[in-house]
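Please read them with the structure open beside you.

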Amino acid sequence: MAQLTLENISKRYGEHAVVDDISLAIDKGQFVALLGPSGCGKTTTLRMIAGFEQLDQGRIVLNDRLLASPEQHIAPEQRNMSMVFQSYALWPHKTVLDNAGYALALRGLRGQPYRDQVFAALETVNLGHLADRFPQALSGGQRQRVALARCLVSHPDVVLLDEPLANLDVHLRASMETTFRDFHARTGATFIYVTHDQAEAMAMADRIAVMNHGRLEQWDTPENLYRRPASRWVATFIGKGAVLDVPSHVHGKNLRSDDILSLLSNSGAMHRGAMLVRPEHVMVVDDGIEVTVQHRVYKGERYQYIANLADGQSVTFYHARLLEHGQTVQVQIEHAWGLDL
Ligand SMILES: Nc1ncnc2c1ncn2[C@@H]1O[C@H](COP(=O)(O)OP(=O)(O)OP(=O)(O)O)[C@@H](O)[C@H]1O
């Protein structure tokens, strides 16, 4: 059964609905990402869950307890949730230990029990050896880990994370993704993670809520978002690939190479549907569909190409060999996913 449910929640600023009728059922211990472009309402959704924003419509329920509705608003500190911010929000004059232990100190815990509990949290993020340092003597990744330990000491039901890796460089982000997954596995808490970076969401989350203009486009596993996007918008937002217009209704169908060949051979007809073609499903062959190379990017282990079909629509594909701009090659499209026009 779902532990945390958002039921038709909405938030308006003036006439503008920044969160528009979102419903999610989140299981205990799930790692969930709220993913979407800038301004789509992710942070506002997270802030409503945390209790920093009031709802205009709908309900938020945690463990059968009504946290929020237009008539009811449980204060943030009474929701047993903990939030990790992009900026870390560490106190410069407190040590790592006292930063991480702040919530316990507030509750009046002192002495050895205090130190033991904070150390346990610091060990979870491999920072026990730095307990006496001050934040300015830490790297960005270490500071973010202190912020994680701080949210852990209070044993929250739900950990809310607002773009926590946005300030870190690319290499550190990759290693922090592993840290977050380990941290999640060890704590068993439910994680809700806001990001506009789909690779980050795909790498970490069990389930992703894809948002656009305040609305929920799709609520699904990373694999389903990639293989079976529910809309053209999700198909172009998630992963690489081309969406080709076709003359038939094909929505929700797995299309094989013979279907694809017949759809493309009739490309002069009126368009009634579309199909998503991922680059890994386009193979260069001796006898297939003729395409003309338009664009090449060197990727180290292979090249990535964009090439035009006879009707001017383009596909993306990978190939190990060097192809020149304007060169024609034959391709076979082994698989595609049907979409609405
Ligand atoms: N207090 C506010 N008053 C008016 N408009 C607001 C307020 N807070 C947010 N908005 C607007 O609501 C929309 C959604 O904002 P939100 O921060 O939730 O988006 P986001 O998806 O988290 O974007 P980003 O990734 O850029 O942080 C934006 O258009 C924003 O300008």
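1. The model is a predicted one, and its chain contains 10 helices and 19 strands. Computed along its principal axes, the C-alpha trace would be described by spans of about 75 × 45 × 35 Å.

2. The chain is divided into domain 1, covering residues 2-231, and domain 2, covering residues 240-340, and the centres of domain 1 and domain 2, taken over C-alpha atoms, are separated by 39 Å.

3. Of the 341 residues in the chain, 36% are buried. When contacts in the chain between residues at least 6 apart in sequence are considered, 66% of them join residues at least 24 apart.

4. How are helix α5 (residues 140-152) and helix α6 (residues 170-187) packed, and at what angle? Their axes lie 11 Å apart and the angle of packing is about 15°; since angles under 35 degrees count as roughly parallel, α5 and α6 are therefore roughly parallel to each other. The crossing in which α5 passes α6 is right-handed.

5. On the α5 side, the contact is made by Gly140, Gly141, Gln144, Arg145, Leu148 and Leu152, while α6 contributes Leu172, Ser175, Met176, Thr179, Phe183 and Thr187. By class, the residues of this contact of α5 with α6 divide into 5 nonpolar, 6 polar and 1 charged.

Key. Residues are numbered from 1 along each chain as its sequence is written. This is a predicted model: local features need pLDDT of at least 70, side-chain atom pairs count only at pLDDT 80 or more; totals for chains, interfaces and linings use all residues. Axes are lines fitted to C-alpha atoms, for helices over the stretch in contact, and angles run from 0 to 180 degrees between N-to-C directions. Helices (H or I, at least four residues) and strands (E, at least two) are DSSP runs, numbered from the N terminus. Angles under 35 degrees count as roughly parallel, over 145 as roughly antiparallel, 65 to 115 as roughly perpendicular and the rest as oblique. A crossing is left-handed if the near helix is turned anticlockwise from the far one by less than a right angle, and right-handed if clockwise. Two residues are in contact if their C-beta atoms, placed from the backbone, lie within 7 Å. Ala, Val, Leu, Ile, Met, Phe, Trp, Tyr, Cys and Pro count as nonpolar, Asp, Glu, Lys and Arg as charged, and the others, Gly among them, as polar. Domain bounds come from an automatic or database domain assignment. A residue is buried if 20 or more other C-beta atoms lie within 10 Å of its own, exposed if 12 or fewer, and partly exposed in between; C-beta atoms are placed from the backbone.
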